[in-house]
Each structure stands twice: as structure tokens, then as C-alpha cells.
Amino acid sequence: MNISIFGLGYVGCVGMGCLASNGHEVIGVDVQQQKVDLINQGRPTIVEKDIDQILGEQFEKKKISATSHALEAVLATEVSIICVGTPSTSRGHLNLEYIFQTAAQIGQALKAKNTFHVVAIRSTVLPGTNDKVCAIIAQESGKRRNVDFSVVSNPEFLREGSAVEDYFNPPMTVLGGDNEKALDIMSKLYTGINGPVEFVDIQVAETIKYVNNSFHALKVAFANEVGNICKQLDIDSHEVMRLFCMDRQLNISPVYFKPGFAYGGSCLPKDLKALNTLAHDLYLESPVLNAIDISNEKQKNRALDLIVQTQKRRIGILGLSFKAGTDDLRNSPIVDVIETLNGKGYEIRIYDRNVSLSRLVGKNKSFIEEKLPHLCNMMQGDINRVLEWAEVIVIANRDDMFQEILPRRDQKIIDLVRITRHENKGGYEGICW
Ligand SMILES: NC(=O)c1ccc[n+]([C@@H]2O[C@H](COP(=O)([O-])OP(=O)(O)OC[C@H]3O[C@@H](n4cnc5c(N)ncnc54)[C@H](O)[C@@H]3O)[C@@H](O)[C@H]2O)c1
């Protein structure tokens, strides 16, 4: 395939060499003449393992070249990949100036092209950018989106230092688009690359890179805070984190990575508090560890706000324990929400097949008696006494039995745990989806 790459920096230069070594012909475009000249001498614009050799070989085979003229590059190719920089503005916003300039250049060039053209956004851009790029190209070219051209969001996951290796072995290739022909062309571009191709909504593709990088940053800060506490106690932090990473069932795993309600139970709140207090006693600042509980409280407030916004007074709660399959009520986040609703005079009925007040003992019993002394008036032994009475139904844990009844309900449903995605007659709202 003939491909043009806009922006010959880290991403563009590596992409050029790797695409060419997979059999494609690649024309690079950059506003810096020095970078154009380097490519036209078969030399990389960056320092990166293996890229000198790859570019040298592909230059010899005449598979790569560069120009500062967008028109020439677009007319000679079927796909244009945008890899220009997206720096921060002085106020911390994303600066999309180079992306929009490139879109305008591609649009102007497309005026003179009569075949379908695919534009791929490889740069890291915020959700909504694909639409803006489409609008600019349509305006500049007079061509129609998804008829004459299409824009696919295709974020890049490589790391500098191992960029070539990462290019050929990505965790996945993400293609976000709304045109089958364009997605088909883009997936052919990556034939021979290890790893699955994921076709997703445009905005999902635009969001993932920010989530990835924010999480990487969080991991570094988290590990450093753990390290600071360990050092103070003369514990080897690298041994601790080695064990941490060995747990692929709960730690390095999809478990807990489901947007939804606050955490609770007898362990997470207590142990996080103990670690934070330990750090405090050691005169250490641990802002990341401290922020976790703050964030969790905000999620409870969010659930409360969703209920209050319905302007209904009869609230049915399905699920009282902190997770399905247990009667443990200690620090169950919905208990806090119920406590507040109760204080505000809402009428509440609750159903949880695992919770029987007469069987609660010990800390579990004393916790709930203190929090909700009148719980016995709210608890129902028959789910229908909640369903038939409530104006709003709140799903607070993932008991399977809640899944089946929901699509049939006439009331508004507030789902805190993504028990279902079915729309129901009375309206459905997820806490964070
Ligand atoms: N560097 C990485 O490891 C990495 C990894 C994944 C994603 N990204 C993202 O990819 C994008 C590019 O990153 P980079 O590190 O390669 O940037 P870079 O600064 O190294 O290269 C960007 C290039 O774009 C050129 N450019 C700017 N405007 C142009 C225009 N109108 N036409 C043609 N060329 C133009 C610049 O001259 C520069 O050579 C960014 O959005 C970045 O966030 C970077």
C-alpha cells in the first residue's frame, strides 16, 4: 500500500521504517526541512534501537522518501497517517494546532484527488478530535466524510527505547472508525503485526491512550509512595513490589477495573486507612494513597445525587451487602447512601437475599445497628414488595437475580454495578456509563 506519514518524530519515523519493512511504500512529510533531508539520506530523525538499520535498508530498496509538500504526498498515497506532536498549552490544555494544520493540508490536497482516502490519527488526541479533523478536511476539500474520505482513530502504544519492538508486538491495535472500507484498509496496513486488532467506537479509541498513560503515571507514583514507606521501615520495597506483581489474579488483572460503585467491606477501607496512618506517623506525605478514600467517598455522593435527581421519594434498593454472595454489611457503601437518604426523609425498602437481620452477629450486627437502627422496617423478605412499591430501583450489588427482572420494570433504574445494559421501560441510568 502507498502511505503518507505526517510528522517525522518518534512515532512517525518508527512507523515509516516499520511499515516499509512490512512491504508498504511510505512518504514522510514534515515541516522541518532537516528531518525531510535526513530521511532522504536514509537516516533516522531520532535515536532509537534498530531504526537506523531498518531505515537504511528500506531507503536502499526505495521504499521510503520524504517531502515538505503535503499535496505531493497525499496524491501519491491511499492512506495518510497523522503523527504530528500534540503538546500541552501553557495552561495544561492539549494543543491541537499541528493536528488541525495537518488536517487542513490534507483537505486541500484531497481537492485534487478523486479516489477514496483514509486518514489515520496516530497522535494522542482527546475525544472529539476525530470529528473536528473530519470537519476540517470536508471544509477544505469540499469532499464528503465516509464517501470520499474517512478518518480512523488509531492510537500508538510504543515506548521510546523499545519503539521498534513495541511496533511489531503491540498489546493490541486499536481502530476506531465509522466506515467499513476505511477500517478494512487500516487493518490490512497492520497485517503481520503480532497482537489482536480491536475495532471500537471512535471515542473509545480516542480515550484509551489517556487512560493508559494516566494509569502508568499512577503506577509510578503508587510504587514510589510504597517505596517511601518501606524505606522508612527498613523493608526492601523492590521485594514487596515483586510480590505485588506476581499476583495476577487480583493485582495485575482485570479484577477491580470495572467502573461502578464505591468499594467497601471489612478489608479495603480498613487496610488502606492503616497504611495511610502508618505513613502519616512516619512523617511521610502519600498524596496518592490519601486520595483513594476521598475518591471513594465522592463515588458514594455520586450515587446519592443520581437518586436525588429523580425527584422521587420511594426508593427500592436491591443489594445491601458490599458485594453479592455475602451478608457482610461492614462498610458497605450503599449503607452510607441509605443512611443519608433516611436522614432526608426518603421512604426506603431494601431486598438482599443474603442478609437476614436475625442471623447477623458480632461486628457485622453492631455496625449496621449503629448505622441504620431502623433497618428492620426497611428490609423486605420478598423482592416483589420492593419492586411493586418503589418509584426508583437502585441496584447496589451484582446478585445475578437482579439481572433478569430489570428489563421488565416500569420504574427508573439506577444501576451502580452494571448489572445490565438493557434499556427498561421506565428509564435506565448507569452510575458511570
Ligand atoms: N513519543 C512517544 O513515545 C509516543 C508514543 C505514543 C504516542 N505518541 C504521540 O504521538 C504524537 C507524536 O509524538 P512524537 O513523540 O513522535 O512527536 P515529535 O515531536 O517527535 O514529532 C512530531 C513531528 O511533527 C512535525 N510536524 C508538526 N506539524 C506538522 C505539520 N503540519 N505537517 C507535518 N509535520 C508536522 C514536527 O516537525 C515533528 O517532527 C504525539 O501526539 C504523542 O503524544 C508519542
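Author: Gladly, let's begin with Gly381, which is exposed at a relative accessible area of 76%. Here, exposed means over 50% relative accessible area, buried means under 20%, and partly exposed is in between, with a 1.4 Å probe and protein chains only. This is a predicted model, in which local features need pLDDT of at least 70 and side-chain atom pairs count only at pLDDT 80 or more, while totals for chains, interfaces and linings use all residues. Residues are numbered from 1 along each chain as its sequence is written, and side-chain values use heavy atoms, leaving out hydrogens and water.

Gly381 sits in the loop between helix H15 (375-378) and helix H16 (384-387). Helices (H or I, at least four residues) and strands (E, at least two) are DSSP runs, numbered from the N terminus. Although Gly381 and Asp352 are 29 residues apart along the chain, their C-alpha atoms are separated by 8.0 Å.

Now look at strand E10 (residues 347-351), where you will find Arg349. Arg349 counts as buried because its relative accessibility is 18%. Its C-alpha atom is separated by 4.9 Å from that of Gly316, a residue 33 positions away along the chain. Another arginine to look for is Arg313, which lies over the face of Tyr346, 4.0 Å from the ring centre. For a charge to sit over a ring, NZ of Lys or CZ of Arg must be within 6 Å of the ring centre and within 35 degrees of the ring normal.

On to the helix pairs. Helix H12 (residues 287-309) and helix H13 (residues 333-343) have axes that come within 10 Å and cross at roughly 45°. H12 is therefore oblique to H13. As for the terms, axes are lines fitted to C-alpha atoms, for helices over the stretch in contact, with angles from 0 to 180 degrees between N-to-C directions. Under 35 degrees is roughly parallel, over 145 roughly antiparallel, 65 to 115 roughly perpendicular, and the rest oblique. H12 passes H13 in a right-handed crossing; a crossing is left-handed if the near helix is turned anticlockwise from the far one by less than a right angle, and right-handed if clockwise.

Compare helix H1 (residues 10-21) and helix H3 (residues 51-60), whose axes come within 9 Å and cross at roughly 55°. H1 is thus oblique to H3, and the crossing of H1 and H3 is left-handed.

Next come the aromatic rings. There are 3 aromatic pairs, where rings of Phe, Tyr and Trp (its six-membered ring) pair if their centres lie within 6.5 Å, with planes under 30 degrees apart counted as stacked, over 60 as edge-to-face and the rest as tilted. Phe215 and Phe257 are an edge-to-face pair, 5.3 Å centre to centre with 90° between the planes. Phe215 is in helix H9 (residues 202-232), and Phe257, 42 residues apart from it, is in the loop between helix H10 (237-246) and helix H11 (268-281). Phe215 is partly exposed at 31%, and Phe257 is exposed at 51%. Phe222 and Phe244 form a tilted pair, 6.1 Å centre to centre and 45° between the planes. Phe222 lies in helix H9 and Phe244 in helix H10, so this pair ties together parts 22 residues apart in sequence.
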